[in-house]
Amino acid sequence: MATTALAPARPETMVRRTTALVPGLLLLAAVGYAGKFIEQSIAAYTKAHHTTFPNIEYVLWAIVIGLVIANTFGVPRVFQAGVATYEFWLKAGIVLLGSRFLLGDVLHLGGISLLLVAIAITLSLTFMHLLGRAFKLNPKLTSLLAVGSSICGVSAIIAAKPAIDADDEDASYAIAAILALGAISLFTFPLIGHSLHLSDKAYGLWAGLAVDNTAEATAAGALYSDAAGKVAVLAKTTRNALIGFIVLGYALYWSSRGQAHVVGNKAAFLWSKFPKFVLGFLLISLLATLGFFAKPQLASLANLSRWAFLLTFAGVGLRTSLRELVKQGWRPFAVGAIGELFIALLTLGLVYGADLSLRL
Amino acid sequence: MSSLPSPPRNGLSLDGYAVALALILALLVRLNLLPPIKW
């Protein structure tokens, strides 16, 4: 997830900026709601006619509609600012989702995730560097791809780019490759999960550990089941919390080679890279655990989170440009794809092992 | 990908606004100032 700053602005500028978001927000809502409408219409039709049709979640419909619009007509400029807010809705949705977790569950599943993430990150970073060397990629592009595929997709790349003084072009390549692979995982992960008969928890953990970008990980989880989506978000959030440490490691490595600026205050650096929405998620989870909300209120918060995710999933489709992916060339994509396959298999093995030994 | 999002300089980050909105909504729900949200 990208991190953007909204600097203080004069009131008239604020009003103009907010107004500029409206068309894109309406497009997100229309695409997301169309997905929901199609899912419900198919369910109502099959029920009324006593026929069977595989249940395709609104998540997939919303993404596909968005993909078709983005890659046929394109997203006109007037909609682009509002469409870009999908990350904002993702983060707000994750914070609200905290209400569906008791803090004990967060610590239990988060602890398991942390252990698996640590193992997966160490192995995948090593593997990606070997792969980058074999494909003769620029070492900084390899670093960006390694960070993106082992931690948190786009936001990790954006966090790492200034820290290691990488080129804009390298960062764009790495982002395009990560987004392409994220889109592919949306279609392949649920199929693999079903064919292996993974439990909701095991699948959610796998999606959260293996799918790079938070929006895609959330969608891949939700495509399997509601419960799997919940676990995927928790596992992915744990992964996100580690961005700062990995980026700091890379920044220290490249500055020791004289190819990036020196990191001054390491604690301040870690804090600046820490995804703050994780704290919001924990706070809402703590409040829910302490009984701050009544049962119907918890249901309302969960539904608000679903509505926020609906806008997110529409945005995932609308911002995926197949033209951009073709433009990037095959080598970064090949390194990303082989690395992703390695990470997917590795994390699947880890989740299987954890399921047997730790009883997820 | 023509342009990359810039990192935070001053002002509140996207995360900060998202957390603030979520907490405000949670408070409104807690105080029953919002009708029950359906899906």
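Student: How long is helix α4 of chain A, and how far does it reach?
Tutor: This is a predicted model. In it, helix α4 of chain A covers residues 86–97, which is 12 residues. From its first C-alpha to its last it reaches 16 Å, close to the 16 Å expected at 1.5 Å a residue.

Student: Is α4(A) enclosed or open, and why?
Tutor: Enclosed, largely, by the rest of the structure, because 12 of its 12 residues are buried.

Student: Which residues are those?
Tutor: The buried residues of α4(A) include Y86(A), E87(A), F88(A), W89(A), L90(A) and K91(A). A92(A), G93(A), I94(A), V95(A), L96(A) and L97(A) are buried too.

Student: Which residues have the most contacts inside the largest nonpolar core?
Tutor: L96(A) and I157(A). That core has 117 residues.

Student: Why might such residues gather?
Tutor: In soluble globular proteins, nonpolar side chains tend to be buried together.

Student: And what does I157(A) touch?
Tutor: Leaving out residues up to four places away in sequence, I157(A) touches L144(A), V147(A), G148(A), A171(A), A174(A), I175(A) and I178(A).

Student: Back to α4(A). How do its axis and that of α14(A) cross?
Tutor: At roughly 155°, and the two axes come within 8 Å. Helix α14 of chain A spans residues 295–318. The two helices are therefore roughly antiparallel to each other. Their crossing is left-handed.

Student: Which residues make that contact?
Tutor: From α4(A), Y86(A), W89(A), L90(A), A92(A), G93(A), L96(A) and L97(A). From α14(A), the residues include L301(A), L304(A), S305(A), A308(A) and F309(A). L311(A), T312(A), A314(A), G315(A) and V316(A) of α14(A) also take part.

Student: Now chain B. What secondary structure does it have?
Tutor: One helix and one strand. Chain B has 39 residues, and 23% of them count as buried.

Student: How do the axes of α4(A) and α1(B) cross?
Tutor: They cross at roughly 45° and come within 8 Å. That makes α4(A) oblique to α1(B). The crossing is right-handed. Helix α1 of chain B runs over residues 14–30.

Student: Which residues meet there?
Tutor: On the α4(A) side, E87(A), F88(A), K91(A), A92(A), V95(A) and L96(A). On the α1(B) side, they include L14(B), D15(B), Y17(B), A18(B) and V19(B). L21(B), A22(B), L25(B) and A26(B) of α1(B) belong to this meeting as well.

Student: Where is N32(B) found?
Tutor: In the segment after α1 of chain B. N32(B) has a positive phi of about 55°, although it is not a glycine.

Student: Does N32(B) count as buried or exposed, and why?
Tutor: Exposed, because N32(B) has 12 C-beta neighbours inside 10 Å. The cut-off for exposed is 12 or fewer.

Student: What about H197(A): where does it lie?
Tutor: In the loop between α7 (168–195) and α8 of chain A. The phi of H197(A) is near 55°, a positive value in a residue other than glycine. H197(A) counts as exposed, because it has 8 C-beta neighbours inside 10 Å.

Student: How many residues of α8(A) are buried?
Tutor: 10 of its 11, so α8(A) is mostly covered. Among the buried ones are K201(A), Y203(A), W206(A) and A210(A).

Student: How do α5(A) and α8(A) pack?
Tutor: At an angle of about 40°, with their axes 11 Å apart. They are therefore oblique to each other. α5(A) passes α8(A) in a right-handed crossing. S113(A), L116(A), V117(A) and A120(A) of α5(A) meet L205(A), G208(A) and L209(A) of α8(A).

Student: How far does α5(A) reach?
Tutor: α5(A) reaches 44 Å from first C-alpha to last, close to the 46 Å expected. It has 32 residues, numbered 103–134. Just after α5(A), K136(A) takes a positive phi of about 55°.

Student: Last one. Is K140(A) buried or exposed, and why?
Tutor: Buried, because 22 other C-beta atoms lie within 10 Å. Its place is in helix α6 of chain A, residues 139–163. K140(A) touches I164(A), A166(A) and D170(A), not counting residues up to four places away in sequence.

Conventions. Residues are numbered from 1 along each chain as its sequence is written. Chains are lettered from A and ligands numbered from 1 in the order in which they are written. This is a predicted model: local features need pLDDT of at least 70, side-chain atom pairs count only at pLDDT 80 or more; totals for chains, interfaces and linings use all residues. Helices (H or I, at least four residues) and strands (E, at least two) are DSSP runs, numbered from the N terminus. A residue is buried if 20 or more other C-beta atoms lie within 10 Å of its own, exposed if 12 or fewer, and partly exposed in between; C-beta atoms are placed from the backbone. Two residues are in contact if their C-beta atoms, placed from the backbone, lie within 7 Å. The expected span of a helix is 1.5 Å times one less than its number of residues. A nonpolar core is a set of buried Ala, Val, Leu, Ile, Met, Phe, Trp, Tyr and Cys residues joined through C-beta atoms within 7 Å. Axes are lines fitted to C-alpha atoms, for helices over the stretch in contact, and angles run from 0 to 180 degrees between N-to-C directions. Angles under 35 degrees count as roughly parallel, over 145 as roughly antiparallel, 65 to 115 as roughly perpendicular and the rest as oblique. A crossing is left-handed if the near helix is turned anticlockwise from the far one by less than a right angle, and right-handed if clockwise.
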